[in-house]
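Visitor: I would like to learn how to read a few features of a model like this one. Please take me through them one at a time.

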Amino acid sequence: MVSAVPARSHVDPRVARAWTVLDTVLDPEVPALSVCDLGIVREVLPDDDGLEIVLTPTYSGCPATEVIERDVLAAIEAAGLGPVRVSLRRAPAWTTDWISDEGRRKLTAYGIAPPGATRPADGAVPIRIVRRSSVPAERVDCPRCGSAHTERLSAFGSTACKSLYRCIACREPFEHFKPL
């Protein structure tokens, strides 16, 4: 799996403290995860005036991007690490492979089935041929009881990045974070 968070072994103590603060900034759409758990914080860069936080939105039309940017700025300023600016880096595109292992555990505990890996360990981007089918290509285990006996109810859940499933075993509905 591709590393979700860039290396944090920095000499600058402001950068190390900023990573700690960013670990507390929750995603507005999935508040069980921090922006670091999601892997959308790509870099924390020191400059003469303060810090630059580099974010990669989960997708270019994500309605939460402005809220995340505002929350990141507020958290860094509140920690006394400002001034701070946020820059958006859209390339390379965000992938669910950037969700940390801890983030995947948090998704399951929150009741959302985490996505499977989409890229091999070498980082190559596979070409996917997708057939139209009512049966999902990926097995999705129930985050509540662990059963693999599930069915997709809708390609879309509460947000565009999630789909709606139901567990046949425990009869509970749940969302699945779509792999990208």
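Visitor: Which strand holds His176?

Guide: His176 belongs to strand S7, residues 173–177. Keep in mind that this is a predicted model.

Visitor: Is His176 buried or exposed?

Guide: The relative accessible area of His176 is 3%. Because buried means under 20%, His176 counts as buried.

Visitor: Which residues is His176 in contact with, leaving aside its neighbours within four places in sequence?

Guide: The list includes Ile112, Ala113, Pro114 and Pro115. Glu138 and Val140 are also in contact with His176, as are Cys161, Lys162, Ser163 and Tyr165. For a sense of sequence against space, take Asp141: 35 residues separate it from His176 in sequence, and the C-alpha to C-alpha distance is 9.2 Å.

Visitor: How should I think about the side chains along a strand?

Guide: In a regular strand, side chains alternate between the two faces of the sheet. For the sheet itself, read the strand order and then the sense of each pairing.

Visitor: What is the order of the strands in the open sheet of 4 strands?

Guide: The order is S4-S7-S6-S5, and the pairing is mixed. S4 and strand S5 (150–154) are at the edges with a single partner strand each, so one side of each has no neighbour in the sheet.

Visitor: How many residues lie between S6 and S7 in their hairpin?

Guide: There are 5 residues between them, and Arg171 in the turn has a positive phi of about 70°.

Visitor: What about the open sheet of 3 strands, and what is its order?

Guide: That sheet runs S1-S2-S3, again with mixed pairing. Strand S1 (41–46) and strand S3 (84–88) are its edge strands, each pairing on one side only. From one strand to the next the twist averages 20°. Strand S2, residues 51–55, pairs with S3 in the parallel sense over 5 bridges, and Val54 has Ser87 of S3 as its bridge partner.

Visitor: Which strands do the helices pack against?

Guide: H1 packs on this sheet and touches S1 and S2, its direction making about 150° with that of S1. H2 lies across S2 and S3 and runs at about 155° to S3.

Visitor: Which residues make the contact of H1 and H2?

Guide: H1 contributes Ala18, Val21 and Leu22, and H2 contributes Val72, Ala75 and Ile76. Sorted by class, the contact has 6 nonpolar residues, with no polar and no charged ones.

Definitions and conventions: Residues are numbered from 1 along each chain as its sequence is written. This is a predicted model: local features need pLDDT of at least 70, side-chain atom pairs count only at pLDDT 80 or more; totals for chains, interfaces and linings use all residues. Side-chain values use heavy atoms; hydrogens and water are left out. Contact means heavy atoms within 4.5 Å. Helices (H or I, at least four residues) and strands (E, at least two) are DSSP runs, numbered from the N terminus. Ala, Val, Leu, Ile, Met, Phe, Trp, Tyr, Cys and Pro count as nonpolar, Asp, Glu, Lys and Arg as charged, and the others, Gly among them, as polar. Two strands pair if DSSP finds at least two bridges between them. Axes are lines fitted to C-alpha atoms, for helices over the stretch in contact, and angles run from 0 to 180 degrees between N-to-C directions. Buried means under 20% relative accessible area, exposed over 50%, partly exposed in between (1.4 Å probe, protein chains only).
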